[in-house]
Amino acid sequence: MSAAQPAGILGTLVDEARQQTERRRAACSVAELTVRAAAAPAPRDFTAALRAPGLGVIAELKPRSPSKGPLTQDYRPVELARAYVAGGAAALSVLTHEAGFGGSPEDLAAVRAEADIPLLRKDFIVEEYQVLEARALGADALLLIAAALSAPRLAELVTATRQLGMEPLVEVHDEAEVDAALAADATVIGVNHRDLRDFGIDRTLSARLRDRVGPDRVMVGESGVRGAGDARALERAGVDAVLVGELLMRAEHPGAVIKELIG
């Protein structure tokens with residue numbers, strides 16, 4: 001069962017992810033991937049890492065973005081991951097989308113071999129193959145975007161993720177998507193301040209949606225964090241963690257920036 005294709009930029013990114021998945025499926029069958037997933041290191045507790053006292057930072061690794069273009073001319077994910085861990089990141093987010101972000105699933109596997117904190121596979125996930133692949137690569141969590149999935153499909157992929165011992169970060173952008181995430185029994189809900197239809201930013205969304213998410217769920221503020229001031233504002237709005245990419249990718253000393261964000 002597949003979801004309807006979303007429109008606009010998000011639709012293009014989802015379509016690219018489907019094409020990438022088809023290429024990878026042709027090279028590695030579900031049976032082989034299942035064996036690899038069974039042999040992967042046991043999943044780390046992504047939710048517990050974000051529930052720890054203080055503001056958590058999910059530090060993101062990505063060489064470029066569709067809205068900003070190249071973020072670095074020398075992408076070294078393993079070295080970057082080491083700097084993020086040294087800075088105190090609660091978890092790492094690794095972009096595995098090739099066409100739009102310049103990432104690769106193999107980047108996640110390389111980082112897994114070096115990092116001892118939870119890893120999130122960040123991609124446009126719409127198929128069970130991608131979920132299984134995430135576990136085979138060593139992911140502890142993965143991103144599910146409510147805007148890219150029907151409500152029933154979202155619930156199916158939340159279940160598929162948990163059956164493999166991982167936890168989904170369910171990304172929302174408005175009240176209806178929060179309701180879909182809650183209906184799917186999401187524990188970790190990410191409020192993306194960036195509208196994936198036009199890539200505009202609204203940093204007030206976390207404060208607006210906090211009560212609807214509810215106090216029993218972990219809430220992550222995503223996109224548009226420009227520094228410690230934004231991090232403090234989101235912390236006051238009630239988020240448990242922030243997901244930060246561009247700021248860290250452009251920083252000369254990303255570990256020091258993470259320390260500032262944590263406060």
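Ala, Val, Leu, Ile, Met, Phe, Trp, Tyr, Cys and Pro count here as nonpolar, Asp, Glu, Lys and Arg as charged, and the others, Gly among them, as polar. This is a predicted model, in which local features need pLDDT of at least 70 and side-chain atom pairs count only at pLDDT 80 or more, while totals for chains, interfaces and linings use all residues. Residues are numbered from 1 along each chain as its sequence is written, and side-chain values use heavy atoms, with hydrogens and water left out.

- Strands (E, at least two residues) and helices (H or I, at least four) are DSSP runs, numbered from the N terminus.
- Two strands pair if DSSP finds at least two bridges between them.
- Strand 7 (residues 167–172) runs parallel to strand 8 (residues 188–192), and four bridges join them.
- Leu169 has Val188 of strand 8 as its bridge partner.

**Pockets**

- A pocket is found on a 1 Å grid over the protein atoms alone: it is an open set of points where a 1.4 Å probe fits, with protein on both sides within 12 Å along at least five of seven lines.
- Lining residues have an atom within 4 Å of a point.
- Grid points are joined across faces, edges and corners, and a volume is the space filled by probe spheres set on the points.
- The largest pocket holds about 480 Å³ of space.
- Its lining has 29 residues, and Glu60, Lys62, Arg194, Ser223 and Gly224 lie nearest the centre.
- Strand 6 (141–145), strand 10 (241–244) and helix 12 (246–249) each give that lining at least two residues.
- The lining of the largest pocket has 13 nonpolar, six polar and 10 charged residues.
- The second largest pocket has a volume of about 200 Å³.
- Fifteen residues line the second largest pocket, with Leu10, Ala147, Glu177, Asp195 and Arg197 nearest its centre.
- Seven of the residues lining the second largest pocket are nonpolar, two polar and six charged.

**Helix 1 with helix 7**

- Axes are lines fitted to C-alpha atoms, for helices over the stretch in contact, and angles run from 0 to 180 degrees between N-to-C directions.
- Helix 1 (residues 8–27) packs on helix 7 (residues 128–136) at about 65 degrees, with axes 10 Å apart.
- Contact means heavy atoms within 4.5 Å.
- Ala17, Thr21, Arg24 and Arg25 of helix 1 meet Tyr129, Gln130 and Glu133 of helix 7.
- This contact of helix 1 with helix 7 has two nonpolar, two polar and three charged residues.

**Helix 13 and its partners**

- Helix 11 (residues 228–237) packs on helix 13 (residues 254–262) at an angle of about 35 degrees, with axes 8 Å apart.
- Ala228, Ala231 and Arg232 of helix 11 touch Glu260, Leu261 and Ile262 of helix 13.
- The contact of helix 11 with helix 13 has four nonpolar, no polar and two charged residues.
- Helix 4 (residues 77–87) crosses helix 13 at roughly 35 degrees, and their axes come within 8 Å.
- Among the residues in this contact are Leu80 and Tyr84 of helix 4 and Pro254 and Ile258 of helix 13.
- The contact of helix 4 with helix 13 has seven nonpolar residues, two polar and one charged.
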